[in-house]
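This briefing concerns one protein chain, shown below.

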Amino acid sequence: MCRLETYYDTMPRTQADVEDHGPFTLFVSRMPWPLYARPRLGHTDSFDVLDVTAVRRRLEELRQPVRFEWTHEAAPSLVEVMTEAGLSVERYPLLVLDELVPAEPPPGVRVRFMEAEDDALAAAVAAVDIGFSPGEGDDLSRRDELARNLPPGRLALIREHIRAGHQRWAVAEDASGPVAGGSYQPCDGVAELMGIATIPSRRQRGIGSAITAALSADALRHGVALVFLSAGSADAARIYERLGFRRVATACAAVLPSGPTASSGDGRQGSGDTR
């Protein structure tokens, strides 16, 4: 658990300005997507509503979404404090890889890794976005429209992260192009799998499992000793367990009751659909 908590504190510092507020560390994003506040690394004392309120006011001052993240087992009192402070708490299974079980993509689908200048990157990002936020209309048409309209700054930053080695992106493609994607962020021998999602029309075929297995194997080949993820649901966690992951804890996120509870493939909050 110590290595995970260190990762949670270290990894966002490549993407954020850091502010300490009592028992919390606030990561003020320099990216086009927001980050969050977490309990300060090594903090072992209690928390109270005033601590939460101070960080919430700072986030509102910065015009950032109000979001706190933490590991329940490392700060078990925070659920009650966040609830008392008027925030809604979501819980996600936190899993680490024990021994990888290989998973191949179905016929007609290939999984590969993308370099920074890959022409398919925009469509892969769009496919992940659709996987996390299904909507009306044809998946493939929506994917292509989203890919054409991705903010240039967002795509440029993803390319920069890939180029710098801060992220590795995998894409699953069939004859139509990208239909699923995911990534991982390595740091000091630890890597988190993030944003693994498949467009709705291609689910229930094992594509997400193949992406997960490919990302995990690639991380291990590149010297990562600890691979982990936070699953979007208990059902997703069971699929990850079939791939060799083991649940070790619960990841928590607290937001305003009307606020977002899940992030897209750019942010660090976990993986949703592995089907």
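Tyr 7 counts as buried because its relative accessibility is 4%, buried meaning under 20% relative accessible area with a 1.4 Å probe and protein chains only. Tyr 8 is likewise buried, at 2%. The model is predicted, so local features need pLDDT of at least 70 and side-chain atom pairs count only at pLDDT 80 or more, while totals for chains, interfaces and linings use all residues. Residues are numbered from 1 along each chain as its sequence is written, and side-chain values use heavy atoms, without hydrogens and water.

**Aromatic pairs**
- The count comes to seven aromatic pairs, a pair being rings of Phe, Tyr or Trp (its six-membered ring) with centres within 6.5 Å; planes under 30 degrees apart are stacked, over 60 edge-to-face and the rest tilted.
- Tyr 7 and Tyr 8 are edge-to-face, because their ring centres are 6.4 Å apart and their planes stand at 70°.
- Tyr 8 and Phe 228 are also edge-to-face, with centres 5.6 Å apart and planes at 90°.
- Tyr 8 belongs to helix H1 (residues 2-10) and Phe 228 to strand E10 (residues 226-230), so this pair ties together parts 220 residues apart in sequence.
- Tyr 7, Tyr 8 and Phe 228 make up one aromatic cluster.

**Overall fold**
- The chain has eight helices and eleven strands, taken as DSSP runs (helices H or I, at least four residues; strands E, at least two) numbered from the N terminus.
- Of the 275 residues in the chain, 56% are buried.
- Along the principal axes, the C-alpha atoms fill a box of roughly 55 × 40 × 35 Å.

Notes:
Buried < 20%, exposed > 50% of the residue type's maximum accessible area, 1.4 Å probe, protein only.
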